Amino acid sequence: MNDAGANNKNGLLEKGRSGVLHVIFGRSAVVLVLILIQLILMFWVFDYFRKSVPYFFGGHLIIALALVFIVLNRPSNPAMQLSWVVIIMISPVVGGLFYFYVETHPGQRILEKRLETLYKQTAKYITQDEEIAQKLAKRDKGTARMADYIRKHGNFSVYQNTKVTYFPLGENKFEAMLQELEKAEKFIFLEYFIVEKGYMWAKVLEVLQRKVAEGVAVRLMYDGTCAFNYLPYRYPEEIRKMGIQCKMFSPILPILSTHYNNRDHRKILVIDGKVGFTGGVNIGDEYINRRAPFGHWKDTAIMLEGDGVEGLTQMFLQMWNVTEKCEDFGKYLQKENCGIQDDSGFILPFGDSPFDRELIGETVYMDIINRAEDYVHIMTPYLIIDHEMETALCYAAKRGVDVKLILPHIPDKKMPFALAKTHYPQLLKAGVRIFEYTPGFVHAKVFSSDGRKAVVGTINLDYRSLYLHFECGAFLFDLPVIEEIEKDFEHTLAECQEVTMADYRKGDIIQKICGKALKLLAPLM
C-alpha cells in the first residue's frame with residue numbers, strides 16, 4: 001500500500017475512533033442506555049405482574065410526583081427545573097436516578113471544595129485599591145456597585161493603569177501574541193478551551209520551546225475535550241518532554257462523572273505578569289482564518305498591559321492548582337511595574353465558576369442591559385437564553401434603547417442555531433434588531449453600551465456559558481478602547497443582513513419545529 005493509501009486508512013481509523021468515543025462518552029448515549037434498561041425492566045415487570053399493572057402505574061406516578069416536588073424545591077434556574085421535570089415525568093426511574101446522580105456526584109463536590117480552598121488561598125494576594133474603588137464610585141455609582149458585588153462574591157478587583165488593545169480578528173491577536181511571547185523573561189501561562197494541531201499551534205509551540213531553552217517557565221493547560229477531536233490523549237506527555245508543564249483540565253476517562261459537564265471554556269495567556277490576553281480566540285487555524293469550515297471566522301480578543309493583568313494571572317493559577325498540592329501564589333500575584341500611568345478609565349477582569357452559586361457572567365451582562373440608556377450592541381455565536389435574559393433584552397428595546405444582536409449566518413452547530421431562532425419572534429416584536437453575519441460564523445463574545453461600557457471575553461449567550469462552564473472576561477469602563485470596539489461592531493454590521501419578522505416567517509419549517517422541540521431540553525444540552 002502506498003503512503004497516500006496508508007494515510008487515508010489511518011485517517012479513516014482515526015475518524016472511526018473519534019466517532020466511537022463520541023458514542024461511548026456522549027450524554028445522549030448514556031441516557032439512551034438507561035432508557036433501554038428501563039424499557040427492558042418495564043416489559044419484564046408487565047409480563048410478571050400483569051394483575052398488578054394498576055398498582056405499578058400508581059407507584060410510577062407517585063414516584064414521579066415526589067421527584068418533581070424535590071426538583072422544584074431545590075435552588076436552581078427555573079428553565080433547568082422545567083427540563084428535569086419533563087425528563088422525570090416521561091421516565092421517573094431513569095430520570096430520577098440521572099437527576100440524583102448529577103446533583104449529588106462526589107467528583108463534583110470534591111472539585112467544588114478544592115476550588116473554594118484555592119479562592120481563599122489566593123484572596124490574601126488580591127486586594128482592592130480603595131482609592132480606585134472610590135474614584136469609580138464618584139464616576140458612576142451603579143457601576144461601582146456592580147464592581148463591589150464582583151469583588152465580594154468573586155474576589156476580582158477593579159484596576160486602573162492598564163493599557164487595553166482590541167483585536168477585531170483572530171489574525172490580529174495571533175500576530176500580537178507571537179510578538180509578546182518573544183519578549184517573555186520569567187513565565188508564560190496558557191489556558192485555552194481548544195488547542196488544535198496546525199499552523200497556529202506550530203508557530204506558538206516553536207516560540208515556547210525556544211523560551212524554555214532560555215530558562216522561561218512555561219505552563220499550558222487545555223480542556224480535556226480536546227482529546228476527542230484535536231489532540232492525542234497522551235499529548236501532555238509529549239509536551240512535558242519539551243520542558244513545558246502541561247495538563248488537561250478534567251480529562252475524559254471511561255467512567256461516568258458529572259463534572260465532565262463543567263468545561264474550562266476560558267482563553268487566557270499571561271506573560272511575566274505584565275501582559276495578558278483574553279477573548280474568544282482559541283488556538284486553532286479556523287480562529288485565524290487559515291481554515292474556513294464555516295466561511296469567514298469573526299472573532300475578537302483584547303490584550304492588557306499593566307496592573308489589570310493580575311486578574312488574569314489569578315484565574316489561571318486557581319485553575320492550574322486544582323490538581324496541584326501547593327503553589328507560591330505570592331511569586332506571581334503581584335503587580336509588575338510596566339510604567340503605565342493611565343487613570344482615564346477602569347478595567348475589571350473577572351471569572352465565572354459553575355460551583356460558586358454566583359452567576360457573575362450573566363449578572364455583568366444583565367447589568368449592562370438593564371442600565372443602558374442609548375444602546376446595547378452584542379456579538380455572540382449562540383442565543384440560547386432563559387426568560388430573564390430575553391425579558392431584559394425586550395424591555396430595553398421597548399423603553400427606547402437601541403438593542404442590536406449580531407449572530408452567525410453560517411452556523412457551526414445546527415441544534416444551537418435552531419434553538420437561537422426560537423427567540424427571534426419575541427425579540428423582533430419587542431424591537432430588538434437581529435443581524436446575521438453573511439460572510440460566515442461569528443465567534444466573538446462582545447457587549448458594547450453607551451460609549452462607556454464594554455465586555456470582551458469568553459462568555460456566550462447560552463446556558464452552557466452562563467451556568468455550566470468556567471468562563472472569563474474583562475469589563476471595561478470609560479476607556480478609549482471602547483470607541484474602537486463600537487467601531488468594529490458597526491463595521492461588522494455593514495457585512496450583515498438584518499432579519500425581519502417576514503424573514504423569520506419564511507424560514508425553514510423543519511428548523512423551526514426542531515428548535516421548538518429542543519427548547520424543553522435546551523438548559524441541559
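I looked up the packing of H14 against helix H15 (residues 387-398): the angle is about 20°, and the axes lie 9 Å apart. Angles under 35 degrees count as roughly parallel, so H14 is roughly parallel to H15. I noted the crossing of H14 and H15 as left-handed. The model is a predicted one.

Next I listed the contact residues. From H14 come Glu-362, Tyr-365, Met-366, Ile-369 and Asn-370. They meet Glu-388, Met-389, Ala-392, Leu-393 and Ala-396 of H15. I sorted the residues of this contact into seven nonpolar, one polar and two charged.

Then I checked H14 itself. The helix covers residues 360-371, twelve in number. From first C-alpha to last it reaches 16 Å, close to the 16 Å expected at 1.5 Å a residue. How many of its twelve residues are buried? I found nine, and H14 is mostly covered. Among the buried ones are Glu-362, Tyr-365, Met-366 and Ile-369, which I had already met in the contact with H15. Gly-361 and Asp-367 are also buried.

Last, I turned to backbone angles. Most residues other than glycine have a negative phi. Arg-357 has a positive phi of about 65° and is not a glycine. I placed Arg-357 in the loop between strand S9 (346-352) and H14. Is Arg-357 buried or exposed? Its relative accessibility is 62%, so Arg-357 counts as exposed.

Asn-155, not a glycine either, has a positive phi of about 60°. I found Asn-155 in the loop between helix H8 (141-154) and strand S1 (162-167). Asn-155 is buried, at 18% relative accessible area.

Notes: Residues are numbered from 1 along each chain as its sequence is written. This is a predicted model: local features need pLDDT of at least 70, side-chain atom pairs count only at pLDDT 80 or more; totals for chains, interfaces and linings use all residues. Side-chain values use heavy atoms; hydrogens and water are left out. Helices (H or I, at least four residues) and strands (E, at least two) are DSSP runs, numbered from the N terminus. The expected span of a helix is 1.5 Å times one less than its number of residues. Buried means under 20% relative accessible area, exposed over 50%, partly exposed in between (1.4 Å probe, protein chains only). Axes are lines fitted to C-alpha atoms, for helices over the stretch in contact, and angles run from 0 to 180 degrees between N-to-C directions. Angles under 35 degrees count as roughly parallel, over 145 as roughly antiparallel, 65 to 115 as roughly perpendicular and the rest as oblique. A crossing is left-handed if the near helix is turned anticlockwise from the far one by less than a right angle, and right-handed if clockwise. Contact means heavy atoms within 4.5 Å. Ala, Val, Leu, Ile, Met, Phe, Trp, Tyr, Cys and Pro count as nonpolar, Asp, Glu, Lys and Arg as charged, and the others, Gly among them, as polar.
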